[in-house]
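Please open the structure in a viewer and keep the sequence at hand.

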Amino acid sequence: DSLFYDKDKIIQYRCHLWDLHVKKNIDALIKNDPFTLEPYDEIVEKVNEIACTFNCIKYPLVSRNFSRYFSTNIIDFVHGHCLRFQDFCFSVLKYNKAIEIPICLECGTLPDSTCHKLFECSAYDSNVVEQRSKLMELQSWGANYHLKLIFTEDREIKNDFNSLVQNICSQSVFDDNFLCIDIE
């Protein structure tokens, strides 16, 4: 008797291994938000319920036909490690130690982060506000919206997110040339 595994079975097995790895290392995925009221254990439980890497393969967030520019913007909003977000500049780069709270450079009123740009910033037009209303499910996840986004099998949420990011980037005061650091 020989064993036969087709491509789908192998993919399912690999995804199962990744799911075990994700659940084992859940702390690395969860963003610590000092302003959240949700207990940490509940966040872990929610992530464990949705963690399914098969959905990441079946319904990718970034399509192969996207331009590099667009793909980069989407991923920047997922991980938040970009000069576009003042909380990154503040916490990681520690570029201005005199500042206590990293204020958004777009609206100038609230602390800046990926969540702020996506769901709160008032510097964008009514199209952004309309697009945000389609993503209330993501917004309910707070700073961990990226986990719901990555693991969801709802293509509409991923498409709406991509449209929102594209719209925000097109209206941003600071274009990508401004955000690049020339190291010479």
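**The whole chain**

The chain has 12 helices and 0 strands; helices (H or I, at least four residues) and strands (E, at least two) are DSSP runs, numbered from the N terminus. Read along the sequence, the pattern is accordingly written α-α-α-α-α-α-α-α-α-α-α-α. This is a predicted model, in which local features need pLDDT of at least 70 and side-chain atom pairs count only at pLDDT 80 or more, while totals for chains, interfaces and linings use all residues. Residues are numbered from 1 along each chain as its sequence is written, and side-chain values use heavy atoms, with hydrogens and water left out.

Display the surface next. The accessible surface of the chain comes to about 12000 Å², of which 55% belongs to carbon and sulfur atoms; accessible areas come from the Shrake-Rupley method with a 1.4 Å probe, and for residues only the protein chains shown count as cover. Among contacts (heavy atoms within 4.5 Å) between residues at least 6 apart in sequence, 60% join residues at least 24 apart.

**The largest nonpolar core**

Select Phe 77, Leu 118, Leu 138, Tyr 145 and Phe 161, the residues with the most contacts inside the largest nonpolar core, which has 37 residues. Such a core is a set of buried Ala, Val, Leu, Ile, Met, Phe, Trp, Tyr and Cys residues joined through side-chain atoms within 4.5 Å. The elements that give two or more residues to this core are H3, helix H5 (68-79), helix H7 (114-120), helix H10 (145-151) and helix H11 (155-171). H11 provides the largest share, 6 residues.

Now centre the view on Phe 77. Beyond four places in sequence, Phe 77 touches residues including Leu 118, Tyr 145 and Phe 161.

**Where H5 meets H11**

Select H5 and H11 together. The two helices pack at an angle of about 100 degrees, with their axes 10 Å apart; axes are lines fitted to C-alpha atoms, for helices over the stretch in contact, and angles run from 0 to 180 degrees between N-to-C directions. H5 is therefore roughly perpendicular to H11, a term that covers 65 to 115 degrees (under 35 is roughly parallel, over 145 roughly antiparallel, the rest oblique). Phe 70, Asn 73, Ile 74, Phe 77 and Val 78 in H5 meet Phe 161, Asn 162, Val 165, Gln 166, Ile 168 and Cys 169 in H11.

Select Ile 43 in helix H3 (residues 40-50). Ile 43 counts as buried because its relative accessibility is 8%.

Move to His 116, in helix H7. Is His 116 buried or exposed? At 1% relative accessibility, His 116 counts as buried. Among the residues that His 116 touches beyond four places in sequence are Cys 104, Cys 107 and Cys 121.

Finish at Thr 152, in the loop between H10 and H11. Thr 152 has 7% relative accessibility and so counts as buried. Beyond four places in sequence, Thr 152 touches Asn 55, Tyr 59, Ile 157 and Lys 158.

Conventions
Buried means under 20% relative accessible area, exposed over 50%, partly exposed in between (1.4 Å probe, protein chains only).
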